[in-house]
Amino acid sequence: MTRKNVLVFRELPDDQLARLQAAHEVTVANPRLDAQRAAFDAALPLAHGLIGSSFPVDDALLARAPRLEVVSSVSVGVDNYALASLQARGILLCHTPGVLDETVADTVFALLMATSRRVVELSNLVRDGAWTKNIGEDLFGFDVHGKTLGLLGFGRIGQAIARRAALGFGMPVLYHARRPVDLASQAPELQGRAVHTPLAELLARADFVVAMLPLSDSTRGMIDASVFAAMRPGAVFINGGRGATVQEDALLAALDHGTLRAAGLDVFATEPLPAASPLRTHPRVTPLPHIGSATHETRHAMAELATTNLLQALAGERPAAVFDTASA
Ligand SMILES: NC(=O)C1=CN([C@@H]2O[C@H](COP(=O)(O)OP(=O)(O)OC[C@H]3O[C@@H](n4cnc5c(N)ncnc54)[C@H](O)[C@@H]3O)[C@@H](O)[C@H]2O)C=CC1
Ligand SMILES: O=C(O)C(=O)CO
């Protein structure tokens with residue numbers, strides 16, 4: 001088989017790098033690092049395949065890559081990629097659906113528990129030496145079990161969150177998605193437990209509103225002041241999808257002047273979160289540094305699937321996980 005040129009733009013585990021090197025000429029160059037940018041720029045015009053994540057593969061970058069056949073993202077989200085240009089040039093876009101669902105759902109549940117039971121705040125109280133008497137009602141939390149969960153986005157990860165909520169915590173689940181899911185064939189265990197619900201009704205009924213949405217033209221800024229205003233008093237908001245689906249000013253206003261009780265955020269409009277962002281230190285926000293899939297096992301599984309996708313595409317085979325660039 002012809003050896004092609006592969007540009008790895010974010011570190012891969014050694015075993016996956018070795019799979020690529022066995023079949024192709026591989027350059028590892030991270031364009032975020034000053035010391036590696038020249039190597040990236042030199043390799044890009046020759047590259048047949050790109051593999052990596054968390055870097056914008058935009059129109060300008062694609063214009064510098066005339067030989068490109070495939071881009072393999074080590075992520076399920078594809079908001080960093082210029083989908084229209086990829087489609088127009090017939091460049092395959094691959095991603096990593098499925099292998100991270102349970103891990104991301106665990107992270108979202110950690111945020112649900114942490115916000116509702118004030119885990120970080122009360123742990124800090126102990127660390128600060130301020131646990132000098134039994135805590136009083138002012139520091140009590142709220143139950144999670146039995147409460148109503150409203151899910152914005154009910155895809156692979158949304159359904160994994162719903163399973164935890166419905167089957168583990170006895171929570172009724174309402175969901176909002178582009179279309180209802182046929183639970184009988186896709187998630188029979190959620191039949192009678194998760195209900196496709198108009199957005200206004202979901203927001204009026206949910207104790208927890210969890211966003212697990214991709215970022216696209218249709219979801220950018222979708223969670224705005226009107227959405228927060230429609231939530232029930234004392235609701236908790238969790239975002240595990242993408243930060244830019246939320247209007248962060250509206251979120252802050254809902255925390256400070258509205259009735260939102262708390263927010264748990266794994267993702268932000270700008271990442272890393274700027275030091276000046278009020279969300280960083282807000283007393284009722286539990287912020288995380290985008291760790292949804294960040295376990296050893298899952299990050300390795302993502303790298304393995306992304307490597308397989310790339311090898312298959314360069315061999316002229318249909319990769320295991322192609323993103324349909326026309327569908328976004
Ligand atoms: N925090 C983290 O580390 C992670 C975040 N993510 C984010 O989560 C997203 C979702 O992942 P999956 O569940 O695998 O995707 P998916 O494609 O299986 O599900 C997406 C869901 O969002 C719904 N949706 C899309 N556009 C909508 C709109 N305009 N209005 C209402 N619903 C809409 C779809 O109908 C579907 O139910 C990813 O695209 C990624 O951005 C994914 C993995 C890790
Ligand atoms: O896969 C993604 O889209 C992430 O955000 C990180 O796992």
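**Notebook: the ligand shells and the fold**

I started with ligand 1 and asked which helix gives the most to the shell around it; the answer is α7, residues 156-169, with three residues. I'm keeping in mind that this is a predicted model.

Next I looked up the whole shell. Ligand 1 has 29 residues around it. I jotted down the closest: Gly 77, Gly 153, Gly 155, Pro 214 and Gly 292. Sorting that shell by class, I got 13 polar, twelve nonpolar and four charged residues.

Then I moved to ligand 2. Which residues surround it? I found Ser 75, Val 76, Gly 77, Leu 100, Gly 292 and Ser 293. By class, I noted four polar and two nonpolar residues in the shell around ligand 2, with no charged ones.

After the ligands, I stepped back to the protein. I counted twelve helices, and twelve strands as well. Along the principal axes, I noted that the C-alpha atoms fill a box of roughly 70 × 50 × 35 Å.

Why does the radius of gyration agree with a compact globule? A compact globule of 328 residues would come out near 20 Å, and the protein has 22 Å, so I wrote down that the two agree.

Two last look-ups. I checked burial: 41% of the 328 residues count as buried. I also checked contacts between residues at least 6 apart in sequence, and 63% of them join residues at least 24 apart.

Conventions:
Residues are numbered from 1 along each chain as its sequence is written. Chains are lettered from A and ligands numbered from 1 in the order in which they are written. This is a predicted model: local features need pLDDT of at least 70, side-chain atom pairs count only at pLDDT 80 or more; totals for chains, interfaces and linings use all residues. A residue is near a molecule or strand if its C-beta atom, placed from the backbone, lies within 6 Å of it. Helices (H or I, at least four residues) and strands (E, at least two) are DSSP runs, numbered from the N terminus. Ala, Val, Leu, Ile, Met, Phe, Trp, Tyr, Cys and Pro count as nonpolar, Asp, Glu, Lys and Arg as charged, and the others, Gly among them, as polar. The radius of gyration is taken over C-alpha atoms; the globule rule is 2.2 Å times the number of residues to the power 0.38. A residue is buried if 20 or more other C-beta atoms lie within 10 Å of its own, exposed if 12 or fewer, and partly exposed in between; C-beta atoms are placed from the backbone. Two residues are in contact if their C-beta atoms, placed from the backbone, lie within 7 Å.
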